[in-house]
Amino acid sequence: MKEFVQYMPTKVVFGKGTEEETGRLIQACGASKVLAVYGGGSVKRSGLLERVRQSCEAEGIVFKELSGVRPNPRLSLAREGVEKAVSFGAELILAVGGGSAIDTAKAVAVGAANPGTDLWEFWSGNAKTSQALPVGAVLTISAAGSEMSDSAVLTNEETGRKAGFNSDIVRPVFAVMNPELTYTLPKYQLACGIVDILMHTLERYFTPVKGNELTDEIAEGLMRTVIRNGRRAYKDQTDYDAMSELMWCGSISHNGLTGLGRPKDFACHKLGHEIGGRFDEAHGATLSAVWGSWARHVWRLDTGRFAAYGKKVWNIESEEKEEAALQAIEQTEEFFRSLHMPVCLGEMSIGVQKEQVLREMADHATKGDTLKLGCFKKLTAQDVYEIYQAANHR
Ligand code: NZQ
Ligand code: ZN
């Protein structure tokens, strides 16, 4: 087991009607002015935003809004949010929505605590900070896990680069999770979320460090739970129990627990961010489109690990390691297909790409082949190109 630090400071308030607790949770943080960040309107249509506002106002909290967050959230809106938060004197940034709203809220929290430095300096890694305003979240989609994670992903629309900022300072102080709030999700977003949750643990499971028994058992249990309840939820997204399991899995899958004691790989996330930043495709779809091609590119490095994944997660009985490993990859892709998620670029709305575009993406993702992606296999620009090529159409 590799050395690790475990830090999970988020207070989770889970269950029906918990959004009514938001005002009290903010008050307990000592904040009296809150900037609420949300997306394209789902939280207005559902009446959630109004309920959250009322719960804040009941505690005497002054409530201002920043709306218009889009999936693959934009740097420009986060910059606008920083100005708003500073001029208003916000003391806490509250996200009402999914990963995109939460990540924008995190960015505003960093920017407002560091008003002299442009946000992108932090996201491009040129500047560091240990300060951010506190962030709270009222979650409406089980997917990105941002409600407990140390990460915030923004897209710089001027360059098409999608990049993450990782620091414990952006872990939310509280997360309100009412599974009923996810009933209104479009089917496609539900499926994207299921893929993303599975991927957050898959990308922690395939690493070169061995011998983490408890972490493995937690990871395998989480993956089985996501698959079982993902199927149930996809059939009936008003199934409270299935939606609850998914919601909790979403948080646990990305708060660090399923990868304790080993490094994260996250190469598929980097490959996916390249597609998301360039073509504005939904995050989950960018992952299902590349995972199988990544797995076939790397599985021979540790056939036993892929076979163990097959046995523990997919119940594959074959004693033949190679066969079990390949079956595990196929079953994972079959699961993605059952959710109508793409397993290649050609099945996404962008369609099959020219070789030249794949080369450019590989080059961009590896910063001109100066950066190796992942750790299960450290991918060079050529590896990334070959994976994109294999993932182009199948
Ligand atoms: O904008 P609105 O109108 O709210 O609609 C949203 C949006 O169109 C809709 N939606 C959300 N909850 C809904 C709902 N529609 C109806 N009813 C509801 N209850 O769903 C769409 C997607 O929302 P979004 O917030 O983009 O989804 P998700 O949670 O998947 O977040 C994706 C973003 O998070 C990043 C991704 O890269 C992507 O930018 N990630 C963030 C991570 C983190 N911070 O730790 C880790 C992840 O790996 C990921 O990279
Ligand atoms: Zn993800």
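**Ligand 1 and the two domains around it**

Around ligand 1 there are 33 residues, of which G40, S42, S100, D103 and S149 come nearest. The model is a predicted one. Domain 1 (11-181) and domain 2 (187-391) both contribute residues to the shell, so ligand 1 lies between them.

**Polar contacts of ligand 1**

- An oxygen atom of ligand 1 lies 2.7 Å from an N or O atom in the side chain of H200.
- A nitrogen atom of ligand 1 is placed 2.8 Å from a polar backbone atom of S151.
- At G41, a polar backbone atom is 3.1 Å from an oxygen atom of ligand 1.
- On its own, ligand 1 has 960 Å² of accessible area, and the protein covers 90% of that.

**Make-up of the shell**

- Sorted by class, the shell around ligand 1 holds eleven nonpolar residues, 19 polar residues and three charged residues.
- Four elements each supply at least two residues of this shell: the helices α5 (99-113), α7 (187-205) and α10 (267-279), and the strand β6 (151-156).
- S100 and D103, which are among the residues that come nearest to ligand 1, fall within the range of α5 (99-113).
- S151, whose backbone makes a contact with a nitrogen atom of ligand 1, falls within the range of β6 (151-156).
- H200, whose side chain makes a contact with an oxygen atom of ligand 1, falls within the range of α7 (187-205).

**Domains and their interface**

- The domain assignment divides the protein chain into domain 1 (11-181) and domain 2 (187-391).
- A distance of 26 Å separates the C-alpha centres of the two domains.
- Contact between the domains involves 29 residues of domain 1 and 25 residues of domain 2.
- The size of an interface is often given as the accessible area lost when the parts come together.
- Here domain 1 and domain 2 bury about 2200 Å² between them, and 57% of this area is on carbon and sulfur atoms.
- On the domain 1 side, S142, R161 and K162 lose the most area to domain 2, together 24% of what that side buries.

Conventions. Residues numbered from 1 in each chain as written. Chains lettered and ligands numbered in written order. Predicted model: local features only at pLDDT ≥ 70, side-chain atom pairs only at ≥ 80, totals over all residues. Heavy atoms only, no water. Near = heavy atom within 4 Å. Polar contact = N/O pair within 3.5 Å; in protein donor to acceptor, adjacent residues only side chain to side chain. Areas by Shrake-Rupley, 256 points an atom, 1.4 Å probe, with all protein chains shown as cover. Nonpolar A, V, L, I, M, F, W, Y, C, P; charged D, E, K, R; others polar. Domains from an automatic or database assignment. Contact = heavy atoms within 4.5 Å. Buried area = accessible area lost by both parts, 1.4 Å probe.
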